[in-house]
Amino acid sequence: MIKGFTRFLQSPGEHLKSLFGAQEAAAGPPMPRVLTRDEHPVSRRQFSEASLKVLYRLHNAGYEAYLVGGCLRDSLLGIAPKDFDVATDATPEQVKQLFRNSRIIGRRFRIVHVRFGREVIEVTTFRGKPRDDHGEHVASQSDDGLLLRDNVWGNIEEDALRRDFTVNALYYSIADFSLHDFAGGVDDIESRTLRLIGDPETRYREDPVRMLRAIRFAAKLDFDIAPDTEAPIAEMAPLLLQIPPARLFDEILKLFLSGEGLTTFRLLRDYGLFAMLFPEADECMAELPWAEPLIEQALESTDRRIREDRPVTPAFLLAAFMWGPVQLRQCDLEADGMPPVPALQTAAQQVISRELQHVSLPKRFSMPMRDIWDLQQRLPLRRGKRAFQTRDHPRFRAAYDFLLLREAAGELEPGLGDWWTAFQEADEHEQRRLLGKVGADPAGTAAPRKRRRRRRKPRPQQPPQSDE
């Protein structure tokens, strides 16, 4: 069985054809089907211990319990699943009674988070179709079709059709280890196609974030978006302006920290979605030739660090996204007579204030981002003790990496980055030599400040001495 599963992971498409038949694979979306344990390669060995605990406790309490969505999709694609979601016919209150380590969250969609250490298992109740007799506290929509609340409970068939994409409408039963395919998701996995369930325009109006999810899955899984699914995206992109900024920030983390940030960025630009998230950054790319290369190189660097399992921070990417707008505003402020340092600080505040209208920026990320920007003015100042003080700053390494990106993108002439590279690697003697060269090297060196003349205090006048 293990050997067969390994062969499936190496070539899932061919094995799916053999499992379900070539004629069925080409026949379009099938009727709901249930695949027995012998007819699919998904195994409990791929699931986390925490997810199995949740499944078995629900099952032993008499409820239906299924793993659902992305973990099954990834398993069929040969990708190790990471996030495990559970669907059940138990209500949120019933789930909470079974798990002391749980809490109910959300108003728009009420779900239960069951926590096991650092792992969180998300448990959702089967959702049904809203009816006219449901009150607004249960189900409601805006005039534009946006779902404001959706807490109508139903059965597994109704729940499957309420999900977004066919590849996510797969259910694994802990009762008999069968795989339930309600919308032709297995066929779409085999053809590597991302397809919305239902009418795309209606589904995007219900939840515009589905457009971002389509881009994220297409980039992450290397899937093609089905023509009817992608057709309305560019026209309906402004619907994202209805989404709360805090929710969009969570989506941005998923979009750009998945290891395929560069591909995601290019797709977002192609479909007009990036402008809905970072409008000022999108505008400045038409004016500053280095702005787009800077963002792309920052994303490429982040993708590489994720592949190498090295730490990344959203603050660095956000600094790259919004550096162009900060520079444009700073230039305008300096042209009006404001000195460089307060001009940068004022420009940063203005850019962040506008961005907060679209995407929330928690202070744990916006403060380091501003430190990276501020240090760009300190890095050229290398005389005396300043170089050591800058090097010892907690954000120096991020600011130094940012400086290298600015040079590579063509915003700055090369030279300053090489100096800081050499300075970090040098011993004490070499550091003194590098500092001695700063005076003769005009690259990035600020003009010396004029010293104020000290006024001498007038000496108290001595009383005239008498001749007597």
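This is a predicted model: local features need pLDDT of at least 70, side-chain atom pairs count only at pLDDT 80 or more; totals for chains, interfaces and linings use all residues.
Just after helix α17, D309 takes a positive phi of about 60 degrees. Helix α17 covers residues 291-307. At 1.5 Å a residue, its 17 residues should span 24 Å, and the C-alpha atoms at its ends are 25 Å apart, which agrees.

Which residues of α17 are buried? They are A291, L294, I295, E296, A298, L299, S301, T302 and D303. These buried residues pack against five named helices: α13 (245-256), α14 (261-270), α16 (279-284), α18 (314-335) and α22 (396-409).

The largest nonpolar core has 100 residues, and F256, L273 and W373 have the most contacts inside it. The largest share of this core, 11 residues, is contributed by α18. Setting aside residues up to four places away in sequence, W373 touches L318, A319, M322, W323, V326, L344, A348, I352 and F402. Another core lies apart from this one; it has 15 residues, among them L375, L379, W419 and W420.

I turn now to the sheet. Eight strands form an open sheet with mixed pairing, in the order β1-β10-β9-β2-β3-β6-β5-β4. Why is one side of β1 (33-35) and of β4 (102-105) left without a neighbour in the sheet? Both stand at the edges and each has a single partner strand, so one side of each has no neighbour there. On average, neighbouring strands of the sheet are turned by 30 degrees against each other, direction ignored.

Within the sheet, β9 (residues 170-173) and β10 (residues 179-181) pair in the antiparallel sense over 3 bridges. Y171 stands opposite H180 in β10. Helix α5 (residues 70-77) packs on the sheet and touches β2 (65-68), β9 and β10; the direction of α5 makes about 60 degrees with that of β2.

Two individual residues complete the presentation. T229 lies in helix α11 (residues 227-230). Is T229 buried or exposed? With a relative accessible area of 0%, T229 is buried. Leaving aside neighbours within four places in sequence, T229 is in contact with F165, L194, R195, L196, P200 and Y204.

W153 is placed in the loop between β8 (147-150) and α7 (156-162). This tryptophan is partly exposed, as its relative accessible area is 31%. Beyond its neighbours within four places in sequence, W153 is in contact with T91, P92, R110, T125, F126, R127 and G128. The C-alpha atoms of W153 and K129 are separated by 8.0 Å, although the two residues are 24 residues apart along the chain.

Note on methods:
Residues are numbered from 1 along each chain as its sequence is written. Side-chain values use heavy atoms; hydrogens and water are left out. Helices (H or I, at least four residues) and strands (E, at least two) are DSSP runs, numbered from the N terminus. The expected span of a helix is 1.5 Å times one less than its number of residues. Buried means under 20% relative accessible area, exposed over 50%, partly exposed in between (1.4 Å probe, protein chains only). Contact means heavy atoms within 4.5 Å. A nonpolar core is a set of buried Ala, Val, Leu, Ile, Met, Phe, Trp, Tyr and Cys residues joined through side-chain atoms within 4.5 Å. Two strands pair if DSSP finds at least two bridges between them. Axes are lines fitted to C-alpha atoms, for helices over the stretch in contact, and angles run from 0 to 180 degrees between N-to-C directions.
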